[in-house]
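I went through this structure one item at a time and kept notes. The entries follow in the order in which I looked things up.

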Amino acid sequence: MHAWIGFFSSFLASAVEVVEAVTLVLAAGVTRGWRSTWIGVLAATLTLVALVVVFGPGLQTLIPLDALRVVIGTLLLIFGLQWLRKAIMRYTGMKALHDETLIYQREVNELRTAPGTAGTMDWTAFTVAYKGVLLEGLEVIFIVITFGLTAGDMTPALLGAGAAAVLVTAIAFAVRGPMSRVPENTLKFVVGLMLTAFGTFWAGEGVGLNWPGADWAILALLAVYAVVGGLLIVLLRPRVAPGGKVVSQA
Amino acid sequence: MKYIVGFFAFWYDFIVGDAWEVAAGVILSLLALYLGIHFLTAGVRDYGAILLPLVIVVLLSYSLWRARGATK
């Protein structure tokens with residue numbers, strides 16, 4: 001079960017982050033040219049792969065599994081709650097929704113006014129692409145490493161991340177624009193639920209809890225958090241009167 | 001010095017973000033569970049499986065309630 005959930009969580013989390021990275025890469029490529037942009041993407045991808053190689057198997061041999069589960073479970077739990085919290089805040093209007101079209105336009109405007117660079121390499125395009133892919137990719141790497149380490153196998157999580165990267169990039173280049181139709185917040189909510197459920201399970205197991213039903217407890221945790229998340233969205237959503245006026249925020 | 005501060009600020013923002021109460025609550029509750037299991041009674045091993053998700057739900061609700069208060 002771990003392998004499939006590792007693949008699925010990694011796929012969804014990566015899809016969210018790749019959508020954001022692709023927006024920046026497209027803006028840089030369209031306005032500044034593709035050569036330097038692709039070099040930036042490649043450099044960032046290599047940096048991310050190096051991080052997995054260094055912190056993946058290395059950590060597993062250095063730290064005992066129980067300690068690793070506590071540390072990773074705790075980090076995953078905090079991280080998952082952060083995603084869940086942000087998604088609920090966006091659903092309920094406490095935080096603005098992520099608008100890829102707006103971000104793309106803003107980035108394009110900024111890049112058009114940026115001064116050109118002498119020589120064959122456009123460092124502005126390189127930096128935007130490198131930073132975009134690296135920063136968005138770090139969250140993916142974090143998830144890949146944590147799922148890989150606790151399951152004792154990096155492959156499902158790596159495959160999930162790779163599949164999402166290829167799929168989202170292919171769609172973005174097919175539509176030739178920012179992917180504003182992707183239900184980013186829903187993906188973020190689902191990934192937040194999965195990370196929180198896994199984090200609770202692993203951290204709990206690490207400190208010595210006996211989970212009833214062993215691994216199946218993860219599904220129970222997922223169900224509980226999904227119900228609670230849904231309830232929080234309903235409770236915190238602003239109430240609108242028949243005239244369209246917001247009357248209260250629960 | 002600027003780079004060291006920047007390095008830690010990046011990781012703080014990356015992991016803790018703008019909800020420090022969630023991070024602090026998670027760490028404290030896991031620490032309490034560990035101490036309960038290893039120094040109080042072994043029964044905590046079993047009912048902790050209900051207690052921990054409950055604490056997580058309370059933490060998330062509290063954090064959102066705080067955020068709503070700040071955005072009002």
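**Entry 1**

I began with A:Ile103, which counts as partly exposed because it has 16 C-beta neighbours inside 10 Å. I used these cut-offs: buried means 20 or more other C-beta atoms within 10 Å of the residue's own, exposed means 12 or fewer, partly exposed is in between, and C-beta atoms are placed from the backbone. This is a predicted model, in which local features need pLDDT of at least 70 and side-chain atom pairs count only at pLDDT 80 or more, while totals for chains, interfaces and linings use all residues. Residues are numbered from 1 along each chain as its sequence is written, and chains are lettered from A and ligands numbered from 1 in the order in which they are written.

I placed A:Ile103 in helix 5 (residues 100-113) of chain A. A:Leu24 is 79 residues from A:Ile103 in sequence, yet their C-alpha atoms are 8.2 Å apart.

**Entry 2: A:Ala27**

I then looked up A:Ala27, found in helix 1 of chain A. A:Ala27 has 26 C-beta neighbours inside 10 Å and therefore counts as buried. Beyond four places in sequence, the contacts of A:Ala27 are A:Tyr104, A:Glu107, A:Val108 and A:Leu111. A contact here means C-beta atoms, placed from the backbone, within 7 Å.

**Entry 3: A:Ile141**

Is A:Ile141 buried or exposed? I noted it as buried, because it has 23 C-beta neighbours inside 10 Å. A:Ile141 belongs to helix 6 (residues 123-151) of chain A. Its contacts, neighbours within four places set aside, are A:Leu48, A:Leu51 and A:Val52. The C-alpha atoms of A:Ile141 and A:Val52 are 6.7 Å apart, although 89 residues separate the two along the chain.

**Entry 4: chain A as a whole**

I listed nine helices and two strands in chain A. Their order from the N terminus is α-α-α-α-α-α-α-α-α-β-β. Of its 250 residues, 50% count as buried. For contacts in chain A between residues at least 6 apart in sequence, I noted that 83% join residues at least 24 apart.

I looked next at the largest nonpolar core, which has 92 residues. Such a core is a set of buried Ala, Val, Leu, Ile, Met, Phe, Trp, Tyr and Cys residues joined through C-beta atoms within 7 Å. A:Ala15, A:Val25, A:Ala129, A:Val144 and A:Val191 have the most contacts inside it. Helix 1 (residues 2-32) of chain A supplies the largest share of this core, 16 residues. I also checked A:Val25, which touches A:Thr37, A:Val41, A:Ala129, A:Gly132 and A:Val133, apart from residues up to four places away.

**Entry 5: helix 4 of chain A**

How many residues of helix 4 of chain A are buried? I found 21 of 27, so the helix is largely enclosed by the rest of the structure. Helix 4 reaches 37 Å from its first C-alpha to its last, close to the expected 39 Å. The expected span is 1.5 Å times one less than the number of residues. Just after this helix, A:Gly93 has a positive phi of about 80 degrees.

**Entry 6: the contact with chain B**

I noted 29 residues from chain A and 29 residues from chain B in the contact. Helix 4, helix 8 (184-207) and helix 9 (217-236) are the elements of chain A that give two or more residues to its side. Helix 4 gives the most, with 11 residues.

Helix 4 (residues 65-91) of chain A packs against helix 2 (residues 20-40) of chain B at about 145 degrees, with axes 10 Å apart. Axes are lines fitted to C-alpha atoms, for helices over the stretch in contact, and angles run from 0 to 180 degrees between N-to-C directions. Among the residues that meet there are A:Leu77 and A:Leu81 from chain A, and B:Val26 and B:Leu30 from chain B.

**Entry 7: helix 1 of chain B**

Last, I looked at helix 1 (residues 2-15) of chain B, which reaches 20 Å over 14 residues, close to the 20 Å expected. B:Gly17 follows helix 1 of chain B, with a positive phi near 65 degrees.

Notes: Helices (H or I, at least four residues) and strands (E, at least two) are DSSP runs, numbered from the N terminus. Two residues are in contact if their C-beta atoms, placed from the backbone, lie within 7 Å.
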